[in-house]
Amino acid sequence: FEKMLYDNALLIGLYADASVLWPELGFARRVVEQSAGYLLADMRVPESPGAGAFYSATDADSEGVEGKYFCWTPQQLIEALGEPLGRELAEAHGVTPQGNFEHGMSALHRPHALTPEQDEALAPARARLLELRYQRVPPLRDEKLLTSWNALMITGLCKAASAAEAWAEPELRERWLAAARATALALLELHRDAAGRTLRASWRGRGHTRGYLEDVALLGKALLDLHELELDPRWHREAEALATELLDHYARPGGGMFETADDGEALIERTESQHDSPLPSGLAVAIELFARLELGAASGHEQAAALARVGEQLDATLHRFRSAGSQPFAQAGLLVAARWRHPNAAHVAIRAQDRAAAEPLASRARAARRRLAYPVAISVEIDSTRARADAVVCRGQTCSLPLLDADSLEAAIA
């Protein structure tokens, strides 16, 4: 019953991807919608400072009883919904006299599949239970804001918005994209010091503690994810700045990345790790960030080309950890990140007079890459003097001629 932001952020992204790849799994979309709805309603900072960012966690206990806020008994359902409907919902959601948790309480679940008609018929009853749940004493909430966990949430919301695009649900797409944008703005406002360096956390509007590797890398990756959906060049520039911060203060000579900055807290030893925890390793995310930016250099993307040290650091790091495949479960993040160096990995550079003109090409590129086994990065440059949008597809140092229509772009990506 304890709700951690990083768990939910990662699960939203996972189920969003699954909902697009396997649309027959109707529950995947439901998980995305309900999880995102919960986080936006119960774990989001409502007003400044930090408006739009997400709190870290909620406790499992309320009134000294674990699960009391979330669980139900058959009698409580009957009292809330009446005799026939209460029993029907108890049957549909596995609420029994003995319970599936402690003290005869049950967490609502689905012991057997509901038909769409049953699910729709019970929706008002579930909404009524949610109203009543809000009248209970809630668990305590950990209201510190963490850069890395909020960055994961930006990525999760971007994946949800991308899935909504595939579902042909523009209102959901915009809602989740707006939430991701607000989170990014909150982090860039609160979690940078006077010199523009990344901070790890904030509490009631006061940012503190030099960011760790995972904070800088995950935020950079999240801003690239946001850029690919919103097409605002600002997010790409901010991601480039974060990549430069990584190279300046976290890069290890000879390959690899330190967990702490060179001007961070004085420690006996600066540690490093390529192994994943419940979060992907900071090293893996840094590699993905570097590789996605490097892919854009061949297209003449000015900012990406300016990151001259990226390729050297990538080469040294991937060589140093070339045995990661022997421990795939411990280093899955590293293996996934290395895919961005595959010869088939591609970069689509779109040039347009404004974001609206870029969107038809960008949306086709996003749709086309969902079916591919290799990754595709997207970037947008805005030039108000351009008469028509075009796109260039690059792999390694080889780029296509400018492509003017979405069909040609899709063919070049494939």
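## How α7 meets α8

Helix α7 (residues 170-190) and helix α8 (residues 213-230) pack at an angle of about 140 degrees, with axes 11 Å apart. Helices here are DSSP runs of H or I with at least four residues, strands are runs of E with at least two, and both are numbered from the N terminus. The axes are lines fitted to C-alpha atoms, for helices over the stretch in contact, and angles between N-to-C directions run from 0 to 180 degrees. α7 and α8 are therefore oblique to each other; angles under 35 degrees count as roughly parallel, over 145 as roughly antiparallel, 65 to 115 as roughly perpendicular, and the rest as oblique.

This is a predicted model, in which local features need pLDDT of at least 70 and side-chain atom pairs count only at pLDDT 80 or more, while totals for chains, interfaces and linings use all residues. Residues are numbered from 1 along each chain as its sequence is written, and side-chain values use heavy atoms, with hydrogens and water left out.

## On to α9

α8 also packs with helix α9 (residues 233-249), at an angle of about 160 degrees and with axes 8 Å apart. These two helices are therefore roughly antiparallel to each other. Among the residues that meet are Leu 213, Leu 219, Leu 223 and Glu 230 in α8, and Pro 233, Trp 235 and Leu 246 in α9. The contact of α8 with α9 divides into 12 nonpolar, three polar and three charged residues.

Now for the strands, which count as paired if DSSP finds at least two bridges between them. Four of them form an open sheet in the order β10-β9-β11-β12, with mixed pairing. β10 (376-382) and β12 stand at the edges with a single partner strand each, so one side of each is left without a neighbour in the sheet. Seven bridges join β9 to β10, and these strands run parallel; Ala 346 stands opposite Val 376 in β10. Helix α14 (residues 355-369) lies across β9, β10 and β11, running at about 175 degrees to β10.

Strand β11 (residues 390-395) has five of its six residues buried, so it is largely enclosed by the rest of the structure; buried means under 20% relative accessible area, exposed over 50%, and partly exposed in between, with a 1.4 Å probe and protein chains only. Five bridges join β11 to strand β9 (residues 346-352) in an antiparallel arrangement, and His 347 has Cys 394 as its bridge partner. Cys 394 is also bridged to Cys 399 in β12. The hairpin of β11 and β12 has two residues between the strands, and Gly 396 there takes a positive phi near 60 degrees.

## The three-stranded sheet

Another open sheet has three strands in the order β1-β2-β5, with antiparallel pairing. Its edges are β1 (3-4) and β5 (141-142), each with a single partner strand, so one side of each is left without a neighbour in the sheet. Two bridges join strand β2 (residues 57-58) to β5, and Thr 58 has Arg 141 in β5 as its bridge partner.

How values were computed: Contact means heavy atoms within 4.5 Å. Ala, Val, Leu, Ile, Met, Phe, Trp, Tyr, Cys and Pro count as nonpolar, Asp, Glu, Lys and Arg as charged, and the others, Gly among them, as polar.
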